[in-house]
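Some notes on the model follow, as numbered points.

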Amino acid sequence: MSATDDLPASDVRVPFADAFARLSAKAPFHVFFERPDEISVELYAPVGFDGQSPHDRDELYIIASGTGIFSRGKERVPFGPGDLLYVPAYEPHRFEEFTEGFSTWVIFYGPVRPAPELAP
C-alpha cells in the first residue's frame, strides 16, 4: 500500500494508463476536463488515419506516446514523446505516418474564434 492509496480521487491528476484505457478505434478521444470558452483537455489516439478537420479554437498537442509526422498548413515536422505542437484556430493539420499506440494530449484554449473570411 502506498501513501496515496487512501487519498480521494479528484481532477488534480489523470494517470495516462487510465486515460488511454478509455479510448478505442471507434472512440479515439475522450475529454477529461472542460470549461467552455476557457480550456478543454482530452486524450486523442487515432488508429490508422487522423481524419480531423480544423478547429475553431487554438490548440496545443503534447505527444504522450509514439512517433510520426505532423502536418500543419504547408509545414511537416517529425514528432515524438514529450514534444509540444501548436495549431492556431482554423489551420488545417493532421498526424501522419504515426506508429501503433500513438497518443497525444490535446489542449484547446481560449474562446471560439470566428471563421476567417474567404478571399473572393
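1. Thirteen is not the whole story of the second largest pocket: of its 13 lining residues, A45, P46, V47, G101 and F102 lie nearest the centre. A pocket is an open set of points on a 1 Å grid over the protein atoms alone, where a 1.4 Å probe fits, with protein on both sides within 12 Å along at least five of seven lines; lining residues have an atom within 4 Å of a point. The space in this pocket is about 160 Å³, counted as that filled by probe spheres set on the points, which are joined across faces, edges and corners.

2. The model is predicted: local features need pLDDT of at least 70 and side-chain atom pairs pLDDT 80 or more, while totals for chains, interfaces and linings use all residues. Residues are numbered from 1 along each chain as its sequence is written, and side-chain values use heavy atoms, without hydrogens and water.

3. The largest nonpolar core has 12 residues, among them Y44, F70, F95 and F102. Such a core is a set of buried Ala, Val, Leu, Ile, Met, Phe, Trp, Tyr and Cys residues joined through side-chain atoms within 4.5 Å. Strands β3 (58-65), β6 (84-87) and β8 (103-109) each supply at least two of its residues; strands are DSSP runs (E, at least two residues), numbered from the N terminus.

4. A second, separate core has seven residues, including L23, V41, L43 and W105.

5. S71 sits in strand β4 (residues 68-72).

Methods:
Helices (H or I, at least four residues) and strands (E, at least two) are DSSP runs, numbered from the N terminus. Buried means under 20% relative accessible area, exposed over 50%, partly exposed in between (1.4 Å probe, protein chains only).
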